[in-house]
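Good morning, colleagues. Please look at the sequence and the structure on the screen, and I shall then take you through the computed description.

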Amino acid sequence: MYCAGCGNEVGDSDAFCGRCGRPLAGGPPQMAIDGKDEAVALVLGAIVPGLGIMYSGRFREGMSYLIAAALFAVASFAVLLHVGTDVAAMEAFSGILLLTAMATLALHLFAAYAGYGYAKEYNEALRSEGGPPW
Ligand SMILES: [Zn+2]
């Protein structure tokens, strides 16, 4: 066969034209699906819980993390609103607020790490099976 770019004669299994470097149809198939950047998944998940998981292709799972984080935030806000400037109420609710803050932090870290893990799993499946795992 001949190169479509320069007309140079090339072998049927050549990936590139030897003269002009143009990629040839007879070469090995290009990876059709792009891999996921694991660092991006981690950073996205650290900024918004669940975003890294969504980035790794598990949209509904990432969405449930996001909703859970939003519920925690709304609950904390409702408690703060209820407490207001009442010092006695502040003391009564401080434990709940602390627990909610810790739960939110844990959720954040876990979601970021899960997104990172899914990105890794996604890339491994692309490499070994040639397609996404989900
Ligand atoms: Zn050529």
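The protein is divided into domain 1, residues 1-30, and domain 2, residues 38-129; these bounds come from an automatic or database domain assignment. Taken over C-alpha atoms, the centres of the two domains are separated by 50 Å.

Two remarks on conventions. Residues are numbered from 1 along each chain as its sequence is written. The model is a predicted one, in which local features need pLDDT of at least 70 and side-chain atom pairs count only at pLDDT 80 or more, while totals for chains, interfaces and linings use all residues.

As to secondary structure, the protein has four helices and zero strands, where helices (H or I, at least four residues) and strands (E, at least two) are DSSP runs numbered from the N terminus. The radius of gyration, 25 Å, is well over the 14 Å that the globule rule gives for 134 residues, so the protein is more spread out than a compact globule. That radius is taken over C-alpha atoms, and the rule is 2.2 Å times the number of residues to the power 0.38. Along the principal axes, the C-alpha atoms fill a box of roughly 85 × 25 × 20 Å.

I turn to burial. A residue is buried if 20 or more other C-beta atoms lie within 10 Å of its own, exposed if 12 or fewer, and partly exposed in between, with C-beta atoms placed from the backbone. By this criterion, 19% of the 134 residues count as buried.

Which residues of helix α1 are buried? In this helix, residues 38-47, they are Ala41, Leu44 and Gly45. Seen down the axis of α1, they fall within an arc of 100°, so they line one face of the helix; the arc is that of the directions from the helix axis to the C-beta atoms. The face turned away from the buried side of α1 carries the exposed residues Ala39 and Ile47.

Of its 14 residues, Ala41, Ile53, Tyr55, Ala111, Tyr118 and Ala119 touch the most other members. Two or more residues each are given to this core by α1, α2 and α4, and α4 supplies the largest share, seven residues.

Finally, Phe16 lies in the segment before α1 and is partly exposed, with 13 other C-beta atoms within 10 Å.

How values were computed
Core = buried A, V, L, I, M, F, W, Y, C linked by C-beta atoms within 7 Å.
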